[in-house]
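Here are my notes on the model, point by point. Please read them with the structure open.

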Amino acid sequence: PLRQHVRLVLLLTQIVCRQLGTLAPVKRSVQILRLFRSDFDPLQQPVDLVQFGGQIAQLCVNVLHEGVLDACRIDVFRLLQTVQGVGAKVALAIQSVLDSPELAAAIAGALGADEALAMRAAELAKADLGTDMVGEFPELQGVMGRYYALHDGEDARVADAIRDHYLPRFAGDALAESNIALAVALADRLDTLVGIFGIGLAPSGDKDPFALRRAALGVLRMLMEKALPLDLPDLLELARAQFATEQLATSVALDVFPFMLDRLRVYLKDQGAPGDQVEAVLSQRPRRIDHVPARLAAVAEFSRLPEAAALAAANKRIQNLLRKADPNAGRVDAALFQEDAERALFEALEAARPGIGCALAGLDYVGALLRLATLKGPVDRFFDEVMVMTDEPLARANRLALLASLGQLMNSVADIAQLGAQ
C-alpha cells in the first residue's frame, strides 16, 4: 500500500547532504520506497552512497513508474549528480522515463498517425505525476492527465493518448486503441527498456525492480495483437538513438531483442501454444512480431500433416550435416550430380520454390508449408540413395550446397526441426 512507503525523498536528500557535509533544506518532498530499515536515522548513520547508488537509482525509477514522485525529482537528481558513481545512473534512469517525444513521433509516423500529436502527448504523458491528486491516488495517473489536458484545451486525441499510454497496466489488460496512443505507449516502454539495459541494470533471476519484463510484454502484445507493421530490432535501434552515444552500451539493442523474444516465448506458452511449435517459430528470431501468430498457426497446421514428422527429422539431419560444411559454399551445379536421387531432389526443389516464394510474399504461411510437404518423397529418396559426405570433394560440396538450399527453403517459415523436440 502507498501509505506504507512513508519515507520521503527528504530521507534520500538528507543522506546526500550528510555525505556532502551540508544540511541544505528541501522545501518539497515526495514519497519513496524505503531503502533502509525502519529504524535507520540518516543523521546519525553516514551511508556510502556509491555502494547504494544502484539501489537508489532503481528506487527512483520505481516510484516514477508508480506516479508518486513529483517535480522535486529534478532537484534530487541534481543533488545526486555531485556524488560520484550515483548521478550518472540516476540521470539515465530518470531520462529513460521522461524523454521519449521524438521516439513517439517517429513511431507514429511509421503507423501513419499524426506525428505532432504523438509528440505532444508524449511531452504531457507524465505531467500529472507532479500533482497532489496523483500523488495521493497514484492509480489515477493518466486518468487525471487526460482531464488536465482537456481542461487546458489540448486536442482530445492527445488527452486520450495521455490516459491510454499506460495500457496494458497488467497481464490481460486492454490495449490502447488509437495509433497515437500506441505510439506513445511503445515509446515509453522501449525508451525504458533500452535506457535501463544500457546502464547495466537488466533483470536477473527473479529480481526485476524496473518491471522491464512487464514493459517488454506490453510492447510485444501491442505489436502482435494490434498487428502493427513495425520491425522490433529497428524500434530498439530507434530508441537507442535517442540517447547520446557515450551514455549507453553500443550493444544495447542486441541485448534487449533476445530478452524480448524470451518474454514472448513464455507468453505464447502461457497462452497454450505447444512448446515445440513456439520454438520452431522463435528460433528464427522473427523481426516482425505481428507475423508471429500467423506463423504459429501455419506450424500448427503443418504439424498435423502425415509428412511433418519425416520432414522435421530430415531438416534436423540437414542441420547436423551443414555444421560440418563451409558456410560460404557455392551454388548448386547440376552438372556435378552423379545420382538420379540428387537430380530428382534438385528438380523438385526448383519446382516448389516459386510457389513457396509467392506464398511467403503474400504472408500465406500455411500455403508455404503445404507446398513444402510435397518434397517429402524426393527428400526421403535422397537420404536413402545418396552418400552426402563422399570422399570426392566436388561432389560432397555440391551435395552440401543442395542441402543448404533445401534447408533454407524448409526454414523459411519456421525451424521445423524443432517439431516434436519437446
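**Notes on a helix pair, a core and a loop residue**

1. The crossing of α16 and α19 is left-handed. This is a predicted model, so treat each point below as a reading of a prediction. Helix α16 spans residues 308-322 and helix α19 residues 376-385. Their axes come within 10 Å and cross at roughly 50 degrees. The two helices are therefore oblique to each other.

2. Next, the contact itself. From α16 come Ala 310, Leu 311, Ala 314, Arg 317, Ile 318 and Leu 321. They meet Lys 376, Val 379, Asp 380 and Phe 383 in α19. Of the residues in this contact, seven are nonpolar, three are charged and none is polar.

3. Now the core. The largest nonpolar core holds 107 residues. Ile 107, Met 260 and Leu 268 have the most contacts inside it. Helix α10 (residues 179-198) gives the most to this core, with 13 residues.

4. Ile 107 deserves a look of its own.

5. Last, a loop residue. Glu 339 lies in the loop between α16 and α17 (340-361). Is Glu 339 buried or partly exposed? Its relative accessibility is 33%, so Glu 339 counts as partly exposed. Beyond neighbours within four places in sequence, Glu 339 is in contact with Val 386 and Arg 399.

How values were computed: Residues are numbered from 1 along each chain as its sequence is written. This is a predicted model: local features need pLDDT of at least 70, side-chain atom pairs count only at pLDDT 80 or more; totals for chains, interfaces and linings use all residues. Side-chain values use heavy atoms; hydrogens and water are left out. A nonpolar core is a set of buried Ala, Val, Leu, Ile, Met, Phe, Trp, Tyr and Cys residues joined through side-chain atoms within 4.5 Å. Buried means under 20% relative accessible area, exposed over 50%, partly exposed in between (1.4 Å probe, protein chains only). Helices (H or I, at least four residues) and strands (E, at least two) are DSSP runs, numbered from the N terminus. Axes are lines fitted to C-alpha atoms, for helices over the stretch in contact, and angles run from 0 to 180 degrees between N-to-C directions. Angles under 35 degrees count as roughly parallel, over 145 as roughly antiparallel, 65 to 115 as roughly perpendicular and the rest as oblique. A crossing is left-handed if the near helix is turned anticlockwise from the far one by less than a right angle, and right-handed if clockwise. Contact means heavy atoms within 4.5 Å. Ala, Val, Leu, Ile, Met, Phe, Trp, Tyr, Cys and Pro count as nonpolar, Asp, Glu, Lys and Arg as charged, and the others, Gly among them, as polar.
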